[in-house]
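Me: I am new to this structure and would like to learn how to read its features one at a time. Could you take me through them slowly?

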Amino acid sequence: FVRPEMFQDIYGRVASGRAGSDAWHKLEAPASPTFAWDASSTYIMKPPFLLGFEKGAEAQGLGLCSEAYCLLLLGDSVTTDHISPVFKIKEETPA
């Protein structure tokens, strides 16, 4: 059986901002609220559903997200390369 206490410790740390390793907390990151997309990149491309968000979510008629839950809390050894495809997924595949 899955019980609430199985998740309270780990996901409680996510909610309080205490999740992640020391290395994660020491990473430097720009203070910008949006990612600086490189238009000349052939690997990391801006998703079309983010067009117009340079002016902020509020300009798109969206409000702040609140009372959301963490869907996945993965270890430091899992990268986006493990969980997202680099290329389009063809319609005829099981994915």
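Reply: What follows takes up charged pairs, a helix and a surface patch in turn. This is a predicted model, in which local features need pLDDT of at least 70 and side-chain atom pairs count only at pLDDT 80 or more, while totals for chains, interfaces and linings use all residues. Residues are numbered from 1 along each chain as its sequence is written, and side-chain values use heavy atoms, with hydrogens and water left out.

Me: How many salt bridges does the structure hold?

Reply: Side chains of opposite charge can pair when their charged atoms come close. A salt bridge here is a side-chain nitrogen of Lys or Arg within 4 Å of a carboxyl oxygen of Asp or Glu, and the structure holds two. One joins glutamate 5 to arginine 3, with the closest N and O atoms 2.9 Å apart; the other joins aspartate 9 to arginine 13, at 3.4 Å from N to O.

Me: Which of these residues are exposed or partly exposed?

Reply: Buried means under 20% relative accessible area, exposed over 50%, and partly exposed in between, with a 1.4 Å probe and protein chains only. Glutamate 5 is partly exposed at 46%, and arginine 3 is partly exposed at 42%. Aspartate 9, at 52%, is exposed, whereas arginine 13, at 30%, is partly exposed.

Me: Where do aspartate 9 and arginine 13 lie?

Reply: An α-helix has 3.6 residues a turn, so residues three or four places apart point the same way. Helices (H or I, at least four residues) are DSSP runs, numbered from the N terminus. Aspartate 9 and arginine 13 both belong to helix H1, residues 5-16, and stand four residues apart, about one turn of the helix. Just after H1, glycine 17 has a positive phi of about 85°.

Me: What is valine 14 in contact with, beyond its neighbours within four places in sequence?

Reply: Contact means heavy atoms within 4.5 Å. Valine 14, which lies in helix H1, touches Ala19, Cys70 and Leu73 once those neighbours are left aside. Valine 14 is partly exposed, at 27% relative accessibility.

Me: Which residues form the nonpolar patch on the surface?

Reply: A nonpolar patch joins Val, Leu, Ile, Met, Phe, Trp or Tyr side chains within 5 Å, from residues with over 30% relative accessible area and no salt bridge. Leu71, Leu72, Leu74 and Val78 form this one, with about 400 Å² of accessible area together, by the Shrake-Rupley method. Leucine 74 lies in the loop between helix H2 (22-26) and helix H3 (80-83), and is partly exposed at 39%.

Technical notes: Helices (H or I, at least four residues) and strands (E, at least two) are DSSP runs, numbered from the N terminus. Patches are made of residues with over 30% relative accessible area and no salt bridge: like charges are joined within 9 Å, nonpolar side chains (Val, Leu, Ile, Met, Phe, Trp, Tyr) within 5 Å. Accessible areas come from the Shrake-Rupley method with a 1.4 Å probe; for residues, only the protein chains shown count as cover.
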